[in-house]
Amino acid sequence: MTFRWGEDTTFKFVSEYIKHESLWNIKCLLYKNKQAKLSACNEIQKIMNIPGFGVKEIKLKIKNIRSTYSQELKKIKDSKRSGAGTDTIYVPSIKWFNILYDTLRSINSELTESHSNLVCIQYTVLILVLM
């Protein structure tokens, strides 16, 4: 993959990426399952239908998108912290930012809440019993 993607192609990729929780949701039971992640990458590869765009390239693209996403979040945070008015708060112009933000925001807010470990253990035991 030697060409630069346009915003529409990247938007399509991000839209497919968020459909596969095993690739981004650390609370998903399949998050640590390599086979589930490989399967998700293969599905994305079929949908994107770009010659030479395989699993290795998908993983790299995810890494790059997450990096860009983090940079954009930092710009927002820094602009809020600067003490400037609300009209000068940074607003990302990246087409795919909002769909990724809406998806990842729910996970990040869940992680900051405190939960009892007992509930997590009971849930895990229940899943194991059902399997």
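1. T103 belongs to helix α4, residues 97-112. Helices here are DSSP runs of H or I, at least four residues, numbered from the N terminus. T103 counts as buried because its relative accessibility is 14%, and buried means under 20% relative accessible area (exposed is over 50%, partly exposed in between; 1.4 Å probe, protein chains only).

2. This is a predicted model: local features need pLDDT of at least 70, side-chain atom pairs count only at pLDDT 80 or more, and totals for chains, interfaces and linings use all residues. Residues are numbered from 1 along each chain as its sequence is written, and side-chain values use heavy atoms, with hydrogens and water left out.

3. What does T103 touch, not counting residues up to four places away in sequence? I18 and W24. Contact means heavy atoms within 4.5 Å. The T103 side chain also reaches the backbone oxygen of I99, at 2.8 Å.

4. K34 sits in helix α2, residues 34-48. K34 is exposed, at 74% relative accessible area. Its C-alpha lies 9.7 Å from that of L23, 11 residues apart along the chain.

5. The whole structure holds five aromatic pairs. One of them, W5 with F13, is edge-to-face: 5.6 Å centre to centre, 70° between the planes. Rings of Phe, Tyr and Trp (its six-membered ring) pair if their centres lie within 6.5 Å; planes under 30 degrees apart are stacked, over 60 edge-to-face, the rest tilted. W5 is buried at 9%, and F13 is buried at 1%. Ring pairs join W5, F13 and F53 in a cluster.

How values were computed:
Helices (H or I, at least four residues) and strands (E, at least two) are DSSP runs, numbered from the N terminus. A polar contact is a pair of N or O atoms within 3.5 Å; within protein, one must be able to donate a hydrogen and the other to accept it, and residues adjacent in sequence count only if both atoms are side-chain atoms.
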